[in-house]
Amino acid sequence: MKISEPFISAIRSLSANKLRSFLTMLGMIIGVFSVVTLIALVNGVENFIIDSFNALGSNLILVSPGNIDMGSDPALAYANNKLDEKHMDLIDKHASDYVDNMTPNIRMNKLVTRRSNSFYGSIYGASDQAIKIVDLGLEKGRFFTQAEVREKKKVAVIAPEIVKELFGELDPIGQEVKVDDMAFVVIGTTKSKGRMSDDRVIIPYTSVMEYFNVKNLSGITIKAKDNVDLDEARKQVKYAIRRDLKDDEFTVFTQKDILKSVSQILGVLSSALAAISGISLIVGGIGIMNIMLVSVTERTQEIGLKKALGATSNNIALQFSIEALLIGLLGGMLGLSLAFVVTFLARSFIRATIPLWGILLSFIFSLVVGLLFGTYPAITAAKKDPIVALGYE
Amino acid sequence: MNPVLETKNVTKKYKLGDEEIIALEDVSIKIDRGEFVAIVGKSGSGKSTLMHIMGLLDTPTSGEVLLNGTDVVDFSEKQLAQVRNKEIGFVFQSFNLLRRASALDNVILPLRYSSVPKSAWKQKALDMLNTVELGNRLSNKSNELSGGQRQRVAIARALVNDPSIVLADEPTGNLDTKTGSEIIQIFKNLHENGRTIVLVTHDEELAGVADRKIFIRDGKVQ
C-alpha cells in the first residue's frame, strides 16, 4: 500500500460530503480565526502606541520623582517629590554635552474660567524649550519666550477643548482666561493632539510655581543630542541628579523603557486573549471528534467491507486519522485566511499585523487538534469487527 | 495436491448471556481446486458462521482451517487481512459496494490493500468489469446501477486479485428470478474457466447448479 493512498482515500471521502466536511471544519475555522485576529489586533494596538511615542518626538529622556517601577505606587512618588529647579541646573552643568534641550513639567488640574464659562482643564507648566522637545502642535499665535519664563509672565497657550468651552467660535488670541482667579493672556492655541492633551493650558513653569505655590517639578523632559547614545545620555543625566538626590528619590528613563513596559503588558494581554480564544479551538476539536464518530458509525458497513477485502485495522485507523487531520488543517488554513482578510480590513483603522509565530501557531494547533480529536474515532473505526460491521444496515 | 480450503473438526461456540450457543460442531469439509460447491442450510443452521470461518473473517473455537495447506488459525489480524486480500473473493447478498464510488473504483478497492503496483490497477479492474460484461458502466456510481449490475461489480471486485476461492453468500437473495439466474450463469462461466466457487444458500434448488452440495443443519454437516 502506497503512503499517498490513505490521503487520496481521505480526500475522496471528504469531498464526497462537502457540506458535512465544511460544518466539521467550522469550529476550527472560528477558533484559528479568533486566535490569529486577536493576536493581530493586539499587535496593532502595540504598533499604535509605538507610533504615538515616535510622534511625540525622539531621543527623549524623562526624569520623574520617586522610584518608578512596575509594582510601586506612583502616588507615593509624587507625595515625596524632591525634584526641583536646581536639578535642572545640575543637568545643565554636568550633562550638557548630552543634552540638547530640556523643559520641566508641572501638571495639575484647575478650574479655568472666562466670564461665565468654566472648564476643568489640566495646567501644564513648561519652559520655552518645550516646543522644541515635544510636538505641541501650535496652531495660532505663538509659544512663550525665554524672557516671559524668566519674568514669570501670566501668558498661556491653550488647547482646542479649552478654546471650544471658553471661547466657542471667538478668536481667543489676546483674550484673558482665569486660573484660580489669576488672569492669563492667551498668546497661542494648539491643534488637537488627542484626548489626553486637548484640555491643556500651557503656562510658563515659573509662573505656575510662583502663583500656585508649587515647589516641586512633576518631571523633567530632556531631548538628547542627536549624535549621542541615548543610554549613555540617560546615565549622565542620572549621575548629574545623583549629586543631590538618592537613587530611590528619582527615576530617569527613556521612551524605550516605556515601550518595553508597554510591550510587556501587551504581551501578557495577547497571550491571555489567545488562551481564551484557544478554548474555541478545543470546542472545534470536539466538533471534529463528534462528526468523525458519527461518520464512523455511518460508514460501519464500509469499514467491514474494507476489512473483508484485506484492509488491516491500521489501514482503517490511518484513513480516519488522516481525514481528521485534513479537516483540522484545512479548517485552520481557512481560519487563517479569514484572519488575513479581517486584518487587512482593520488596517484602515489600526496597523494590525499577523506575526510569523501566529501563523506557525495556527498551523501547529490545527494539526494537533485534528490529530488529538481524530484519534479516538479512528480507533473506534479500526476496532470494528468485520462480521458485525458487514451486517450493519 | 492440497485442497484449496479445508476445515478440520471446526467448532465455534458463542456466549450469549449465560447461555453457550454452539454454532458449528466438528465440521470437517474440503473444497478442491476448481470445484463448485454449494453449502446449503436453513437460516440459523450455522452456514453463515461456516462461511465467515472459511473466509477468515472469524476464527474457530477449536479445529483447524487450512488454506492451500497452511493452517491459518493462529495468524495475526494483519496476516489474516493480507490472506483475505490475496486468496479470498467475497460476494455478498446485499452487494456491499461503496455507494459514492464509481464501478471502477469499487473494483479497484481490494487492489489498494494489495502489493499490486498502482499502474496496473486500472487495467486489472477494467478486465474484470469486461468479464462481467459491465465494461460500459465504468464511471457510474453504484447507486446509479441496477441490482444485477451491482452484483456484477461485486463479482468483478471479488475476482480482481485473482483469489484461490470465491465465497458467494446468497448472491441472488436480493435479486429477481431473471437477474438471479443471470448472476448464477456468471458463476457457472467462472467455474468453467477453472475458478473455485463456494455458494452459500438456503435454496436447495439454486444449489443444484453446483457440482456438490454440503448440507448444514444445527451446526453439523449432514
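Two residues count as in contact here if their C-beta atoms, placed from the backbone, lie within 7 Å. With that in hand, here's a quick tour of a predicted model. Chain A is more spread out than a compact globule, because its radius of gyration of 33 Å is well over the 21 Å that the globule rule gives for 393 residues. Chain B is as compact as a globular protein of its length, so its 17 Å radius of gyration sits close to the 17 Å that the rule gives for 222 residues.

**Helix α5 of chain B**

- The buried residues of α5(B) pack against quite a list of partners in chain B: the strands β6 (88-91) and β7 (165-169), plus the helices α3, α4 (118-131) and α6 (177-192).
- This helix is mostly covered, with 10 of its 13 residues buried.
- The buried ones run from R150(B), Q151(B), R152(B), V153(B) and A154(B) on to I155(B), A156(B), R157(B), A158(B) and L159(B).

**α3 against α4 in chain B**

- Two of those partners also pack on each other, as the axes of α3(B) and α4(B) come within 9 Å and cross at roughly 115°.
- Their crossing is right-handed.
- On the α3(B) side, the contact is made by A103(B), L104(B), V107(B), I108(B) and L111(B). From α4(B) come W121(B), K124(B), A125(B), M128(B) and L129(B).
- Sorted by class, this contact has nine nonpolar residues, one charged and no polar.

**Chain B overall**

- Chain B holds six helices and 10 strands.
- Its C-alpha atoms fill a box of roughly 50 × 40 × 40 Å along the principal axes.
- Buried residues make up 48% of its 222 residues.
- Among contacts in chain B with a separation of 6 or more, 71% link residues 24 or more positions apart.

**Chain A overall**

- Chain A has 14 helices and 10 strands.
- Its C-alpha trace spans about 105 × 50 × 35 Å along the principal axes.
- Of its 393 residues, 40% are buried.
- For contacts in chain A with a separation of 6 or more, residues 24 or more positions apart account for 82%.

**α10 against α12 in chain A**

- Helix α10 (residues 255-298) and helix α12 (residues 313-346) of chain A pack at an angle of about 145°, and their axes are 11 Å apart.
- Here the crossing of α10(A) and α12(A) is right-handed.
- α10(A) brings G284(A), I288(A), M292(A) and V296(A), which meet F320(A), A324(A), I327(A), G328(A) and G331(A) of α12(A).
- By class, that contact has six nonpolar residues, three polar and no charged.

**Where the two chains meet**

- Chain B puts 20 residues into the contact, and chain A puts in 18 residues.
- On the side of chain B that touches chain A, the elements giving two or more residues are α2 (77-87) and α3 (103-112).
- The largest share of that side comes from α2(B), with six residues.
- By class, the chain B side has eight nonpolar, five polar and seven charged residues.
- So α3(B) turns up in several places, because it gives two or more residues to the side touching chain A, packs with α4(B) and is one of the elements that the buried residues of α5(B) pack against.

Note on methods: Residues are numbered from 1 along each chain as its sequence is written. Chains are lettered from A and ligands numbered from 1 in the order in which they are written. This is a predicted model: local features need pLDDT of at least 70, side-chain atom pairs count only at pLDDT 80 or more; totals for chains, interfaces and linings use all residues. Helices (H or I, at least four residues) and strands (E, at least two) are DSSP runs, numbered from the N terminus. Ala, Val, Leu, Ile, Met, Phe, Trp, Tyr, Cys and Pro count as nonpolar, Asp, Glu, Lys and Arg as charged, and the others, Gly among them, as polar. The radius of gyration is taken over C-alpha atoms; the globule rule is 2.2 Å times the number of residues to the power 0.38. A residue is buried if 20 or more other C-beta atoms lie within 10 Å of its own, exposed if 12 or fewer, and partly exposed in between; C-beta atoms are placed from the backbone. Axes are lines fitted to C-alpha atoms, for helices over the stretch in contact, and angles run from 0 to 180 degrees between N-to-C directions. A crossing is left-handed if the near helix is turned anticlockwise from the far one by less than a right angle, and right-handed if clockwise.
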